[in-house]
Amino acid sequence: MGSFDELEQIREQALVDLTGASTTAALEAWEDRYLGRKGEITLRARTVGQLPQENRPAFGQRVNEIKRLLVQAYEARAEEISHAELETRLATEAIDVTLPGRPVTPGHLHLTTQALRELYAIFGKMGFEVYEAPDVELEAYNFDLLNIPEYHPARDMWDTFWVKETGEGPSNRRLLRTHTSPGQIRAMRERCPEPIRVILPGKCYRYEQITVRAEHQFYQLEGLAVGRGITMTDLIGTIAQFARMFYGPDRTVRVRGSYFPFTEPSVEVDTECILCGGKGCPVCKYTGWLEVAGAGMVHPVVLENGGYDPETWSGFAFGFGVERPSMMKYNVQDIRWFYGNDLRFLRRF
Amino acid sequence: MKIPLSWLNDYVEVADLDIGELRQRLDLAGLEVGSIEAIGYPGAELPWDPERVMTAAVLAVRPHPNADRLVLVEVDYGGAEHEIAVTGAPSLYARKGQTDLNLKVAFAWEGAELYDGHAEGFIKARLKKTQIRGEPSRAMVCSEKELGLSEASGDIIYLPDDTPVGVPLVKILGDYVIDFEIKGPFGHLQSVFGIARELSALYGRPLKRDPLATAEALGLRVVSQGDAFEGTGFVDLAIADAKLCSRYTATMIRNVEIKPSPLWMQMRLQRVGVRPINNIVDITNYVMMELGQPLHAFDYAEVRPRPGTAQPTIVVRPAAAGEQMATLDGELRTFDDQMLLITDGQGAVGVAGVMGGLDSEIGDDTRDVLLEAANFNFLNIRRTGQKLKLTTEASTRFGKRVDPELTLPAAARAAELMRDLANATIDPVVLDLYPGKPEKRTIVYDPALANRLLGMEIPRAEQMRILRALAFDVADTGTEWTVTVPSYRLDVGLPVDLVEEVARVWGYDRFPETLIDEELPPLRRNHALEAEEHLRDLLVGLGLDEVISYSLIDPQEEGRLQSEPGVPLSLPGACVVLQNPLAPERSLMRRTLLSGALRTAWANLRYLDRVAIFEIGRIHYHVSAPDAATGETGVAEPRHLSMLMTGVRNPTWWQGGAATAEKLDYFDLKGVVDALLERLGLTAKVQWARPAVGQCHPSFHPGRCALVSVGDRALGVLGELHPRVREAYDLPEQPVLALEWDLEALLEAADLADAEKRIGWLSPHAPVHEDLALVVDEALPAVTVKRTIENAGRPLVTEVVLFDVYRGEQAGPGKKSLAFALSYQAPDRSLSDRDIEKLRGRIIKTVEKELGAKLRGG
């Protein structure tokens, strides 16, 4: 039965050929040749009808078996080839993953904004709300109501830019605020008789020759708490909390006597120098300490000017420059970089 | 204010204290120490080796066998044998041949480090064993320069005759000069004695010397009535206004011998920063530093009587307006009628409390000295100093309030020193007019106040101890005490001032930390600030760098922003101008943020090829009269927003190709703004207007500028800078895109948009996309066409995106074709062809009718 032999030869040949087909194209050609419409197996299947009746079932069955076998072999081979081809493609698609990415230009928040936000967040945790006051101030708010009358030597602590006035009386002179403290009076007058817990950020101005350490414009942050039982130890605790959150958890602070006309008693709060850790270095002038804030208990005259009776109310206030901590933290050599807006500087933050 | 520790030690024992511990104590008590300069001690510029630099006595001076200009000195340095040293010191050379000497000197052994006395400047050198002209030399007698005490190198330094021999020099001349930076107007801390008094209280150590008793010790007779003294005195004295001059004490010192003051005094004065002049002037300065009372010495011969009388006269009176006098510094000064003068019988001889007159200055031929110790009103002195722009040691001290009780003790102390150091005689009668003697000041003090304010208990007994140590007289009258304030504590007037005294001496280092333990104030959000910060985040996210520029600007900036000289910027209100600017370029408050943005661009383009920045900040302008009663400043300070972009669009990139050369243009800034408006929910609410001819913002390109508003509220301008303005700011020839908006208006609009925002539905069905090209008039803004389509297609048109603008033959002259990609979508179903056809028909009909648009190819 030559046709059976032939069938087996085709099977053998087909399997040999399949092993030789190593690309998708060769595989397709193989499929055409053996399993396609005019393929060897298909053609053999068609010859079943020409066979003697008694041979037909056996032959037909065999053809089908071989076909199934070849299809299985084909599928397995196809899987192998496609896998190999994918591997090859992936290999050729390799790139230098260290090449610079397509540029996206990021923006940067000004260093002062970042510092202020940090301060807002820390004092916000302690219940302090941000309260803003004007840059151009009345002399009365910047000085007199803060217990600093005209010609008083305490005024020497602030070199002042005065606004050119046209005709108004001397009691209404205006200036660029030399500190954020006038906001204390504004907050108190607005909020009285509520208790108060506010921070007052803002641009301040001083008639000062501009150098690497001094600017005529800078930011300050003031804090004010007024209540029926606010104390000096509360003040110390609040600033110590702040110092630990801002400068690091292990900071120790020290409090020493000082003078401000609008606080009594007045203190200054220092923390260990962040650069030398208290050993002494040029930044801390070899004292081991850096000034954190000037502070004190709100002077009774100021409380009264704000509308609060000092017999029953008390308060504390503190204030400090916003740029200084950043300058120390980042070793910023020149304060003029802040508002001269050198982008090479600002983009570093 | 510099004070040598050795001087303090005259008044209170401090020499045994560790200098670091002392500093800490002073700092904590509010006597802030700026720095401490060591002299001779470890830590000094030139520490003196205690083993090698010591005191010694020169016993004999012999000729040098081989050198005419040198001598050999025999020195007793306390060792077993005397040492022979070689020197050329002129004062020793002059004693060549003398052998019975006992001159105390500073003596240095080989190995000691000293300054080279012959070199320029201060060069350190180690003393070596050598030979000088054949004579062995291993030690030397030192000059001030060699020890680093001064620049004087001409001769050696001599120590007082009673100086022991063989003692480390540092024990005799070593010192620490403490530079105090005491904040606040504290007259009582402006002197050696004042600080000593504080140290006495801080350490609980008694004062060694009471300078207030000097007058008694000298046996001076104080006469306080001018007329009781008629005919026997040296001067007639009168005070015109006791409020301006509360006390005037005149002392007469006769037959003074003008010469340099002794080394110890010169050295102390140098250490506090005063240049020695002669003994009389030095003594007035010395006593001022020591006690805090400014003194003035007149040459008595130059104090003139009134016409027709014999006795010289001193009258303290306000100047006549326009009155003139030459002050000691040689300046001719003109006074107003509030300035206080010291006058003699014929005119001004001094500006009270500020500076003496030139004519009555102490000179080498002065024989008799009239010594003034007076007290003047501190505010008046400060005013005079400020008006005359004249600040002196005296005016600074008076300006911080001086205790009027000090005049007599200070005069007596100075007289005593003049007697001792100028061989003078003190006139036994002192004239002392004291019309402004202040009342005793008492404070009713409840020690419980300290506990209430401090938050901790300081026992009553401790409070009392502290107050008494500070010389407050405390009468324990029950719950409340009556506290009498020492005359010199002019800073203390309220009970709370006593709390501070108690607290600072008790020591803040002993205070515990607490946190506020009471009701919270009503909590409020600061919405304005939150919105501002949100906007900052958005803009940074859009790739812009934040800047903060100067509020004070050059008055020429506003002009520089004009493209046509005759067309001013329309800025609000009137400018806030400074009366005393630092410099003209920082003399007025900005009314626009644009100049700051342009300055920043200019400054940065020197280093960078791309600037994309924004600023959020206040502008300032006058709106009304100020009113201190209400707190109204009369100046509006609205927040503005500016943006600026210029330079290359795409940073250099390895696949950048030609795109790297592209410059930012109008649509880059517009894109940022579009994105910003989208985030603020304002995309559909903003009106974009192209300014009519002549209505453009003068800083901008008239054809590339948009006026933006929401509702009836203007936001501001956005566009490309006018080429002339760009040139005025010296910016390169490339588009400079800028924006300035009213931030308050923008944030209010965003708030409202947020309040009105309603979401409704999100469709689960796939949208249908369709393109629509419309031919319209060239002048018709694209945004109008887009919004007309959106309105006509509402609610099923969910997106309208312009994807092409075509001008040319097919559109026709004066026309343009705008191609939009539309998305159709319904909430509840897939749209059918019929739906879409209907929708398209409605849109086309509307744009034809409202805008005269034609469907291209339709």
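So, which strand of chain A does A:R256 lie in? That's β6, residues 253-260. Before I go on, a reminder that what we have on screen is a predicted model.

A:R256 is buried, and its relative accessible area comes out at 4%. Its side chain has a polar contact with the side chain of A:D270 at 2.7 Å. It also has one with a side chain from the other chain, B:E32, and there the distance is 3.2 Å. If you skip residues up to four places away in sequence, A:R256 touches A:S266, A:V267, A:E268, A:D270 and A:E291, and on the chain B side B:D27, B:L28, B:E32 and B:Y508.

Several of those names come back in a moment. Which residues are linked with A:R256 in a network of salt bridges? From chain A we have A:R254, A:E268, A:D270 and A:E291, and from chain B there are B:R23, B:D27, B:E32 and B:K183.

Okay, that takes us to the interface as a whole. Chain B brings 97 residues to the contact and chain A brings 111. Together they bury about 8800 Å², with carbon and sulfur atoms giving 55% of that. Look for B:I516, B:I548 and B:L582: these three supply 9% of the area that chain B buries against chain A, more than any other three residues.

How many salt bridges does the rule find across the interface of chain B and chain A? It finds 10. Polar contacts between chain B and chain A come to 52 residue pairs, counting pairs where both residues are at pLDDT 80 or more.

As for what chain B uses to touch chain A, the elements that give two or more residues include the helices α2 (19-28), α13 (448-454), α15 (495-506) and α16 (527-541), along with the strands β29 (545-546) and β32 (610-618). The largest share, six residues, comes from α10(B). Sorted by class, that side of chain B has 45 nonpolar, 23 polar and 29 charged residues.

There's also a glycine I'd like you to see. B:G631 sits in the loop between β33 (621-622) and β34 (635-636) of chain B. Buried or exposed, at 5% relative accessibility? B:G631 counts as buried, because the cut-off for that is under 20%. Setting aside its neighbours within four places in sequence, its contacts are A:L138, A:Y141 and A:R186.

Next, salt bridges in general. Over all chains the count comes to 88. I picked three that sit within a chain.

A:R44 is buried at 14%, while A:E6 is partly exposed at 32%.

Then there's A:R173 with A:E139, again a salt bridge, 2.9 Å from N to O. A:R173 is in the loop between α6 (139-142) and β3 (174-176) and A:E139 is in helix α6, so the pair ties together parts 34 residues apart in sequence. Here A:R173 is partly exposed at 24%, and A:E139 is buried at 4%.

And in chain B, B:R807 pairs with B:E778 at 2.7 Å between the closest N and O atoms. Both lie in loops, B:R807 between β41 (797-806) and β42 (815-824) and B:E778 between β40 (768-777) and α22 (782-793), so this pair ties together parts 29 residues apart in sequence. B:E778 is partly exposed, at 31%.

Last stop, helix α12 of chain B, residues 407-421. Its 15 residues reach 21 Å from first C-alpha to last, close to the 21 Å expected at 1.5 Å a residue. The helix is mostly covered, with 12 of the 15 residues buried. Among the buried ones are B:L408, B:P409, B:R413, B:L417, B:M418 and B:L421. After the helix comes B:N423, with a positive phi near 50 degrees.

Key: Residues numbered from 1 in each chain as written. Chains lettered and ligands numbered in written order. Predicted model: local features only at pLDDT ≥ 70, side-chain atom pairs only at ≥ 80, totals over all residues. Heavy atoms only, no water. Salt bridge = Lys/Arg side-chain N within 4 Å of Asp/Glu carboxyl O. Buried < 20%, exposed > 50% of the residue type's maximum accessible area, 1.4 Å probe, protein only. Helix = DSSP H or I, 4+ residues; strand = E, 2+ residues; numbered from the N terminus. Contact = heavy atoms within 4.5 Å. Buried area = accessible area lost by both parts, 1.4 Å probe. Polar contact = N/O pair within 3.5 Å; in protein donor to acceptor, adjacent residues only side chain to side chain. Nonpolar A, V, L, I, M, F, W, Y, C, P; charged D, E, K, R; others polar. Expected span 1.5 Å × (residues − 1).
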